[in-house]
Amino acid sequence: MTAFDQVAAMSLLSIDRLSVAYEDSAKQPVQALQDVSLDIDAGELVVALGASGCGKTTLLNVMAGFLSPDAGQARFRGEAITGPDADRGVVFQNDALFPWLDVRSNVEFPLRVKDWPKRERADRVDYLLRMVGLSKVANQAIWSLSGGMQQRVGLARALANDPEVLLMDEPLGALDAITRQTMQTLILDLWGRTRKGIFLITHEIEEAVFMATQLIVMSPRPGRIVARKNLDFSRRYLSGEPARRIKSDPAFVATREEVLSLILDSQLDSDRAEGEKSATYITRPKIERLHAAHR
Ligand SMILES: Nc1ncnc2c1ncn2[C@@H]1O[C@H](COP(=O)(O)OP(=O)(O)OP(=O)(O)O)[C@@H](O)[C@H]1O
Ligand SMILES: [Mg+2]
């Protein structure tokens, strides 16, 4: 195998035995991630699913280059990730748009940073706004947009530099159920058209099962990967099957229930471990026994 073939065979983004710990306010270590390994290839949509605080954003921050690992490696095309770069676009968990700029200027911002010439910048922003269906509101203020529209601005901005990987931290978390479903299909359509590698975080089980080609289920802190599943529901959507039909297919429902059980089991295991550490901690089985005793 030549050196070129080796690079070609390599994953786009690779996380190998990653561990990250923070310090709490009493300077005690908080183990956020432990021994996490994960590969993202071009054209793959990897979804991380897990309870609040299990380290999903921490994992994304390492991939983006905002945070360095305490142990393990994060590589992009085989090279260690040492900081943020235009090859990895980020859609942040909390609204991170610039409220003092209009829609067009928000999307244009990364291109200005990269000193794109004015004419090319304008063409690129027009293209991106068309892609996310926001051409009509290009000159509007951010505050005048709905939540779903704001998320689409964030998406267009993350795509501005044509990154190879898109890292999305709960991009649909703040949306109502209907807008959320529309946005799921918008992201899948974009993914189908661009064939980028995507890493997407959610705590919505149905969304995760629908969108993922590779689903990773994470345990409560310290975050570990407790299950991985290769799924093809998003590819079925891209080949023309309607989203609602896929989501009501018995195979989909069975997968959704299986993933729910995996999450509940890992939550119970973690509750038990906590219960063993602290005699006063009331675990779920204890709560169930208490209820049974009072019936
Ligand atoms: N800067 C920090 N300093 C100390 N602890 C932190 C810091 N950032 C995160 N943590 C802790 O690390 C753990 C993982 O946090 P992280 O934000 O990665 O979780 P998450 O899975 O993204 O949660 P959520 O679903 O609520 O967004 C949490 O217990 C959190 O309190
Ligand atoms: Mg988070």
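This is a predicted model: local features need pLDDT of at least 70, side-chain atom pairs count only at pLDDT 80 or more; totals for chains, interfaces and linings use all residues.

Student: With which strand does E1 form a hairpin, and how many residues lie between the two?

Tutor: For a hairpin, one reads the pairing and then the turn. E1 and E2 run antiparallel and are joined by eight bridges. One of the pairs links alanine 21 to glutamine 31 in E2. Five residues lie between these strands in the hairpin, and lysine 27 in the turn takes a positive phi of about 65°.

Student: In which sense do E1 and E4 pair, and over how many bridges?

Tutor: The sense of pairing and the bridge partners are read together. Strand E1 (residues 13-23) pairs with strand E4 (residues 71-76) in the antiparallel sense, over five bridges. Serine 19 has alanine 71 in E4 as its bridge partner, while leucine 13 is partnered by phenylalanine 76.

Student: What lies between E4 and E5?

Tutor: Again the turn is read after the pairing. E4 and strand E5 (residues 79-80) are antiparallel, with two bridges, and phenylalanine 76 is placed opposite glutamate 79. The hairpin of E4 and E5 has two residues between the strands, and arginine 77 in the turn shows a positive phi of about 45°.

Student: Why does leucine 38 count as buried?

Tutor: Burial is judged by counting neighbours. Leucine 38 counts as buried because it has 20 C-beta neighbours inside 10 Å, and 20 or more is the requirement. The residue belongs to strand E2. Setting aside residues up to four places away in sequence, leucine 38 touches Ile15, Val46 and Ile216.

Student: Which residues of H6 are buried, and which are exposed?

Tutor: For a helix, one asks which way its buried residues point. The buried residues of H6 are Arg180, Met183, Gln184, Ile187, Leu188 and Trp191. They lie on the same side of H6 because they cover an arc of only 140° around the axis. Ile178 and Arg193, on the other side of H6, are exposed.

Student: Against what do the buried residues of H6 pack?

Tutor: One lists the elements in contact with them. The buried residues of H6 pack against strands E3 (45-49) and E8 (197-202), and against helices H5 (147-159), H7 (205-211) and H8 (233-238).

Student: How far does H6 reach from its first C-alpha to its last?

Tutor: The span is compared with the expected value. Helix H6 (residues 177-194) has 18 residues and reaches 26 Å, close to the 26 Å expected at 1.5 Å a residue. Just after H6, arginine 195 has a positive phi of about 55°.

Student: What share of the protein chain is buried?

Tutor: Totals place the details in context. Of the 295 residues in the protein chain, 35% are buried. The secondary structure comes to 11 helices and 10 strands.

Key
Residues are numbered from 1 along each chain as its sequence is written. Chains are lettered from A and ligands numbered from 1 in the order in which they are written. Helices (H or I, at least four residues) and strands (E, at least two) are DSSP runs, numbered from the N terminus. The expected span of a helix is 1.5 Å times one less than its number of residues. A residue is buried if 20 or more other C-beta atoms lie within 10 Å of its own, exposed if 12 or fewer, and partly exposed in between; C-beta atoms are placed from the backbone. The arc is that of the directions from the helix axis to the C-beta atoms. Two residues are in contact if their C-beta atoms, placed from the backbone, lie within 7 Å. Two strands pair if DSSP finds at least two bridges between them.
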